Each structure stands twice: as structure tokens, then as C-alpha cells.
Amino acid sequence: MKTDVIINRDALCALRELPDESVHCCVTSPPYYALRDYGLDAQIGREDTPEQYIDRLVAVFHELKRVLRPDGTFWLNIADTYCGTGSKGGYTDPKNPKGRNGQSLSLNRRAPNCKQKDLIGIPWLLAFALRADGWYLRSDIIWQKENPMPESCKDRPSRCYEHIFLLAKSKQYFYDAAAIAEPIAPTTAARYRQGRAVGHKYAEEVPGQGKVQGINKARKGGYYDDALIPTMRNKRDIWLINTVPYKGGHFAAFPPKLAETCILAGCPKGGVVIDPFFGSGTTGKAAKDLDRHYIGIEINIEYCALARARIGGEST
């Protein structure tokens with residue numbers, strides 16, 4: 001199987017041609033529902049209903065599951081969509097008749113069982129559908145942005161996060177926690193150095209939590225000598241990663257640090273990372289920078305050219 005390659009095809013068709021259990025990890029961000037129109041007949045994201053959108057993605061990722069190794073991981077970045085307001089469905093801003101980004105305006109669609117202005121719940125609809133299809137749903141990671149796109153809404157908070165779901169093909173899978181560990185807080189280090197009284201509320205077992213944590217056990221002196229105090233902790237499930245500028249003609253490129261974090265945790269060195277919605281090639285660039293191989297699948301030939309100019313690689 002060729003790697004470090006960019007395949008200009010529909011994701012489902014391209015995945016069907018890849019061999020079983022041939023990639024270690026998938027990091028991807030499919031087109032969000034009803035957000036952009038890329039002008040392609042087979043594009044995902046412009047379906048008539050959220051259910052059709054979910055069904056198409058589940059079909060793509062079902063084929064991905066076959067291609068993924070038994071110990072492989074799947075990192076899925078997805079955001080939500082609001083149900084359209086009806087009267088604005090055909091509205092065109094006279095200042096931006098082709099949309100603010102130079103593309104066709106997103107459609108404001110009606111969604112079954114949703115009222116106008118309802119949040120549809122796309123991420124969790126997709127996550128539950130993938131779980132029903134056999135994936136292990138292991139974590140819901142919040143990607144928080146301090147520099148989100150501004151919103152003019154006055155009746156709700158502005159959005160500043162998206163979801164990253166960690167899914168796995170099997171119960172046991174490759175996950176390098178040390179590769180993405182983060183420094184412990186200074187307050188935690190101070191707690192390790194302190195003594196603990198006998199009567200504090202955490203000295204006994206907390207109902208439903210099992211054993212008393214070592215750091216909470218009653219003691220006269222510090223729990224650790226300074227030299228033995230751990231300096232790192234397991235990475236939490238809220239990731240503060242700001243978006244970064246991308247000068248190419250792709251309007252939804254996610255930041256390299258996001259892809260790098262997923263790859264470090266989910267793919268061994270020398271392994272193969274696949275992205276069936278390759279876009280401008282962020283996943284491929286991150287894989288290449290981290291001594292991994294990549295396979296990119298992208299239906300838009302213009303985006304394939306952007307990715308090829310950015311990271312090289314053979315095109316098919």
C-alpha cells in the first residue's frame with residue numbers, strides 16, 4: 001500500500017480500495033452540516049436532513065473501521081449546527097452576495113423534531129450512531145478556542161469550542177499518554193509536600209469511589225520527597241488550542257497543534273495516519289513532521305493541489 005499519497009476521490013469510494021487493517025490512526029474533520037457549499041455533487045454536508053448527513057458519515061467511517069488496525073484510534077473533530085430560522089433560508093446579504101468567505105451561503109435547513117433556532121446536536125447524534133455501528137466511544141474532548149469566529153447573536157453565548165471524539169476499533173488500542181502529558185499544577189505539588197490531618201473529609205473512602213487516594217491519606221509529613229514528586233499529569237479532556245491563519249483557499253483548516261496532539265497519542269512512530277477529508281493537508285503535514293506516514297483523501301481537486309503544494313506527496 002502506498003503512503004504519503006493524496007487521493008482525489010470521494011472518501012467512501014477511496015476507502016473501499018484500501019486493504020484491511022492497514023492504517024494505525026485516523027485524524028479527520030468532515031464538512032460540518034449545512035455550513036458551506038463546495039459546489040460538488042457528491043459533497044458531504046449539504047444533505048436535506050441531519051439524519052441523511054449522519055447516515056453518510058457512518059457509512060464512510062464504517063469502511064474506515066475495516067481499514068484501521070485492531071489497535072487503531074479514530075479522532076473525529078465535529079461541531080454543531082442550529083436549525084434554520086425559515087424566513088432567512090433564502091436571504092442573501094447585499095454586501096456579500098456569495099457569502100462572507102467567497103463561497104455559496106450555507107443553507108438554513110429545517111431538522112425533524114427541531115424547532116427553529118434549536119441546536120440540532122449533530123456531534124452527539126453522530127457519536128451515538130458510530131457507537132451503535134460498533135465503535136468504542138472513549139472520550140469527548142472539548143477543543144476550546146480563545147480566538148473563535150465572532151458571532152453577532154444577542155440571545156445566547158458565542159460559541160468557542162468544538163468536539164473531538166476519541167473512538168477505537170477494539171477494547172484495547174494504542175494510546176501513548178506520556179507523549180501528550182501536561183505539567184502538574186503548582187498547587188498539586190504543594191499538596192504532595194504537605195501533611196494531612198486525620199479528621200479531614202477525604203481521609204476515609206468517599207462513597208462510590210473505592211480506595212482513598214494516596215495524596216489524601218493522613219500523614220505527618222509530605223507524601224513525597226521533592227525529588228519524587230511527579231512533574232507531569234495525564235492530559236485533560238479540554239484542549240485550549242487557538243486557530244491559526246492559513247493563507248490558502250480553504251476556509252476550514254484546523255490548527256496543526258490539534259492534529260499533532262491526536263497523532264502523538266494515537267499513532268506510533270513510523271505508523272500510518274489517514275484523513276478521509278484531507279482538505280488543505282493539515283493532518284498530513286502533522287504526520288510528516290512527527291515521523292509518521294499519511295494517506296489523504298479529498299474530493300475537491302483544488303484542495304488536493306493546496307495540500308500537495310504544502311506538503312508534497314504523490315497524487316492519484
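The lining of the largest cavity comprises, by class, seven nonpolar, two polar and no charged residues, where Ala, Val, Leu, Ile, Met, Phe, Trp, Tyr, Cys and Pro count as nonpolar, Asp, Glu, Lys and Arg as charged, and the others, Gly among them, as polar. The model is a predicted one, in which local features need pLDDT of at least 70 and side-chain atom pairs count only at pLDDT 80 or more, while totals for chains, interfaces and linings use all residues. Residues are numbered from 1 along each chain as its sequence is written, and side-chain values use heavy atoms, with hydrogens and water left out.

The structure holds one cavity of 30 Å³ or more, a cavity being a set of points, on a 1 Å grid over the protein atoms alone, where a 1.4 Å probe fits but cannot get out, with lining residues having an atom within 4 Å of a point. The space in the largest cavity is about 40 Å³, a volume being the space filled by probe spheres set on the points, which are joined across faces, edges and corners. Its lining consists of V27, T28, W75, N77, I164, F254, L258, A259 and C262. The largest share of this lining, three residues, is given by α5.

E162 is buried, with a relative accessible area of 11% (buried means under 20%, exposed over 50%, partly exposed in between, with a 1.4 Å probe and protein chains only).

Notes. On a 1 Å grid over the protein atoms alone, a cavity is a set of points where a 1.4 Å probe fits but cannot get out, and a pocket is an open set with protein on both sides within 12 Å along at least five of seven lines; lining residues have an atom within 4 Å of a point. Helices (H or I, at least four residues) and strands (E, at least two) are DSSP runs, numbered from the N terminus.
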